[in-house]
Amino acid sequence: MFITRRLPDPAMAILHEHGTVTVWDQIETPIPREALLRGIADVEGLLCLITDRIDAEVIAAAPRLRAVSIMAVGYDNIDRAALAARGITLTNTPDVLTETTADLAWALLLAAARRVVEGHTLIERGAWGPWHPMQMVGQDIYGRVLGVVGAGRIGQAVLRRGRGFGMRLLYHNRRPNPAIATELGAEYRSLNDLLAESDAVVVTAPLTAETRGMFGATQFALMKPTSIFVNVARGPLVREADLVAALRAGRPWAAGLDVFEHEPIGPDHPLLTLPNVVLTPHIGSASVATRVRMATLAAENLVAVLYGRPTPNVVA
Ligand code: GLV
């Protein structure tokens, strides 16, 4: 088994119990491409992260590979066709990160709507003057309309939280899902209608050929000048240059972003020239408990596939 980063102890223990483990023994630094290509030459199992590009070249470099386990719910960095052509099984770590990621979407939504980071920075700069009636006014979230684009597990958890905030709920998926209406009371909308009606738009759709670049100038122009845009899915769903221009023009009113077109972004990124954004460094699932659960599940998935045991987390 080859593991592309040192994982929390419970996960490493599971792997060591089940065979020979080679690990890129770093915590913060991704494995260089050359080391990955060398490392997987003789292994049957690979445990990887979203920072590893697992393409046809990598798969060809691992002639004995039978199982790939990603410690993530998203797997757009993996060439699934190349895996399928070799009959290699791919697993991911859904469910365990659902609520944690929905919490972060809400943190960004509330922070952007109520200018939390801007307020913090104002105090830090020593620029907090006397209270005045329209000082740092933001947008209400309670009682408004929440639209989720990509209402899978995480999107539904975002919608469920919206009920506690007295919101009217809308969602957009490729196809309507009647269970979402029954269980959450959310109404289906086309993307354009959802953008026009929502006060808060939260993106939780996976990155696919279909969703890449789905939010651009045309879509932002449909939003209300008071609405908040949140992306906790994948950066390339959004044309970032269009979003910068839209936020500069004030429609949407503000954005909360955890993901970016090219990660990591640096302090010179154009988004940081705007006052109406709140940015976090791809930490949707980053609670201590959830990251340990994800690592453990990724290890369990890998071992299950290699030893012919069932796992519910095979990516179809
Ligand atoms: C993180 O982005 C994940 O897909 O789990």
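First, some ground rules. This is a predicted model, where local features need pLDDT of at least 70 and side-chain atom pairs count only at pLDDT 80 or more, while totals for chains, interfaces and linings use all residues. Residues are numbered from 1 along each chain as its sequence is written, and side-chain values use heavy atoms, with hydrogens and water left out.

Let's start with charge pairs. Side chains of opposite charge can pair when their charged atoms come close. By salt bridge I mean a side-chain nitrogen of Lys or Arg within 4 Å of a carboxyl oxygen of Asp or Glu. How many salt bridges does a search of the whole structure find? It finds 19.

Take Arg-64 and Glu-44, whose side chains form a salt bridge at 3.2 Å, N to O. This pair links distant parts of the chain, 20 residues apart: Arg-64 sits in the loop between α3 (56–60) and β4 (67–70), and Glu-44 in the loop between α2 (33–39) and β3 (45–48). Helices here are DSSP runs of H or I with at least four residues, and strands are runs of E with at least two, numbered from the N terminus. Arg-64 is partly exposed at 41% relative accessibility, and Glu-44 is partly exposed too, at 30%. For the cut-offs, buried is under 20% relative accessible area, exposed is over 50%, and partly exposed is in between, using a 1.4 Å probe and protein chains only.

Next, Arg-53 and Asp-55 meet at 2.5 Å, N to O, and Asp-55 is buried, with a relative accessible area of 16%. Glu-118 and Arg-115 also form a salt bridge, at 2.9 Å. Elsewhere, shared partners join Arg-33, Arg-53, Asp-55 and Glu-57 into one salt-bridge network.

Now, the ligand. Which residues are around it? They are Ala-72, Val-73, Gly-74, Leu-97, Arg-234 and His-282, where near means a heavy atom within 4 Å. Some of these residues make polar contacts, meaning pairs of N or O atoms within 3.5 Å; within protein, one must be able to donate a hydrogen and the other to accept it, and residues adjacent in sequence count only if both atoms are side-chain atoms. A polar backbone atom of Val-73 is 2.8 Å from a ligand oxygen. From the side chains, a polar atom of Arg-234 lies 2.7 Å from a ligand oxygen, and an N or O atom of His-282 is 2.6 Å from one.
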